[in-house]
Amino acid sequence: MKIVIANSIGKDKNADYIIHSPSRWSEAVKSKFHWFAYYPWELAYLSSLLKQQTKHQVKFIDGCLQRLDQEEYYKLIMSEKPDMLIIESATRMIEENIALALKIKAVCNTKLVFVGPHASAFPQQLIDQGIDHVCIGEYEFTVLDIVQLKPKDEIPGLYPNGRRPLLDIKTLPWPEDDDVSRMDYAVPGEPSCEFREIQMYASRGCPGGCNFCVARHVYYNQANWRKREIKDIINEIKHLREKYPQMQGVFFDEEAHNSDKQFILDLTAAIIENKLDDLKFEAMCDLRFLDEPVMRAMKNAGYYKLRIGIESASEKVLQAMGKPRDLNKTIDLLKSAKDIGLKTYGTFTFGALGSNKIEDEKTVKLIENLLSSNLLDNLQLSICTPQPGTPFYVYVKDQGFLRKKISDSDYDGGSTAVLDYPDYTHSKIEEVKRKALLVRDHIFMAQKIKKNGFGQWVVFVFKRYGFIGFLVKGFKRLGREVKFQTIRWTK
Ligand code: SF4
């Protein structure tokens, strides 16, 4: 059987570029200068598992990496004439991914398997639309069972059967690196990496319970944290380094890299012991488990940046989103990280449960303070989007907060708020998020010019994006600065 494993379409019907991250949140950007591709890690694990465990012809294709629109992607997948097509889609692109899959099925009689968050949240809808198999939650071994033609009612995780117990990640082979190159996702600067870092996964899961979190609720449906063998992680790094001499580092992009202190102490010791500490490492970390000894161990092993979910300056909002945290402790931790010599990257979100304009404005102010005082080096801003399948979605739907005239493609964590709270409308949420972006861009620009001078900034942008990119970036930057100054002087 010829099996195609396909990441989502990479360019939507409006010709916007998709940044696809189904277990978190996907978004579209208008300019390719703002676009990048995440390595589609769970599909990539599925691909290597099917290649290892079956004799079928398995082909992995990434329409996001290639920035393909529906028509271009259709041609590429059709050239494989698949007997089975597996697609992981977020709600953001579900309509177009289903349309693509059905078009292929109509010609090749292809069996369609849908996995990922939207499929997990609305399995019957997908079956009604003509999808043959829908997997719920973590799906690698569910798809393996389907491919091995096990009786349908004996496959846990396959709708309408119950969920499959969480898998033992130690049983997974290393993810796909033949049909796509993991190096192709390692572009310096994206996703906010400073070096050519390959995206890797030392653990899976999170002991937290944020009510908006797709990974926690839709994929795993429980608090959990699973680690790989240290030896296997080290061997994978060595293998990647040998295969890709141009590789400069590793971005551990799992949910919560540091959930077990001893694990980090052992991993960092092994990195040093195996002389891999000249590489640059960064990781998605959980604030609750960071302390000075852990951060020092990371620094000594070559970690240069910690990514942490700060989310909000409002303790009321943090409480309501299921991530209670004393803000002073967060600031103390950032100070310690900087004293140790680590860079910091924070994620922030607007429009979460419990928020209103006043509470979210506090987050804008916090961002301004953290950036200005150099406690934060970089950040990510999102609109807290109630993705189907999460408790956040269920709550706002029950309360009637979801906007009436929204489509699936509006579930985009970058630009569109899909809900109206009684005292905080979607347009206000979007406005506050835009304001935070203006603040960020202004401070970054001012810091760069102060450090290197205006001429250096011009040269940097020119070299990185070329002449057209330079013009686009330059005009946009100028426009944003005018807006920032307007907000500042009219408030
Ligand atoms: S801490 Fe991060 S990974 Fe864990 S539940 Fe919250 S958002 Fe999800």
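The structure is a predicted model, in which local features need pLDDT of at least 70, side-chain atom pairs count only at pLDDT 80 or more, and totals for chains, interfaces and linings use all residues. Residues are numbered from 1 along each chain as its sequence is written. The peptide bond that leads from Tyr159 to Pro160 is cis, with omega near 10°. Arg67 belongs to the loop between β4 (57-61) and α2.

Two packed helices are described by the angle between their axes and the distance between the axes. Axes are lines fitted to C-alpha atoms, for helices over the stretch in contact, and angles run from 0 to 180 degrees between N-to-C directions. Helix α2 (residues 70-78) packs against helix α3 (residues 94-108) at an angle of about 40°, and their axes are 10 Å apart. The crossing of α2 and α3 is right-handed (the near helix is turned clockwise from the far one by less than a right angle; anticlockwise gives a left-handed crossing). On the α2 side the contact involves Gln70, Tyr73, Tyr74, Ile77 and Met78, and on the α3 side Glu96, Ala99, Leu100, Lys103, Ile104 and Val107; two residues are in contact if their C-beta atoms, placed from the backbone, lie within 7 Å. This contact comprises eight nonpolar, one polar and two charged residues, where Ala, Val, Leu, Ile, Met, Phe, Trp, Tyr, Cys and Pro count as nonpolar, Asp, Glu, Lys and Arg as charged, and the others, Gly among them, as polar.

Helix α10 (residues 292-300) takes part in two packing arrangements. With helix α9 (residues 261-273), the axes come within 9 Å and cross at roughly 20°. Helices α9 and α10 are therefore roughly parallel to each other (angles under 35 degrees). Their crossing is left-handed. Lys261, Ile264, Leu265, Thr268 and Ile272 of α9 form this contact with Val294, Ala297, Met298 and Asn300 of α10, giving six nonpolar, two polar and one charged residue. With helix α12 (residues 327-340), the axis of α10 comes within 10 Å, at a crossing angle of roughly 35°, and this crossing is right-handed. Here Glu292, Met295, Arg296 and Lys299 in α10 meet Ser336, Ala337 and Ile340 in α12. By class, three of these residues are nonpolar, one is polar and three are charged.

The ligand is surrounded by Cys206, Gly208, Gly209, Cys210, Cys213, Ala215, Arg216, Glu255, Ala256, Asp286, Gly309 and Lys323, a residue being near if its C-beta atom, placed from the backbone, lies within 6 Å. This shell contains five nonpolar, three polar and four charged residues.

The chain is divided into domain 1 (2-167) and domain 2 (453-491), with bounds from an automatic or database domain assignment. The centres of domain 1 and domain 2, taken over C-alpha atoms, are separated by 38 Å.

Notes: Helix = DSSP H or I, 4+ residues; strand = E, 2+ residues; numbered from the N terminus. Parallel < 35°, antiparallel > 145°, perpendicular 65-115°, else oblique.
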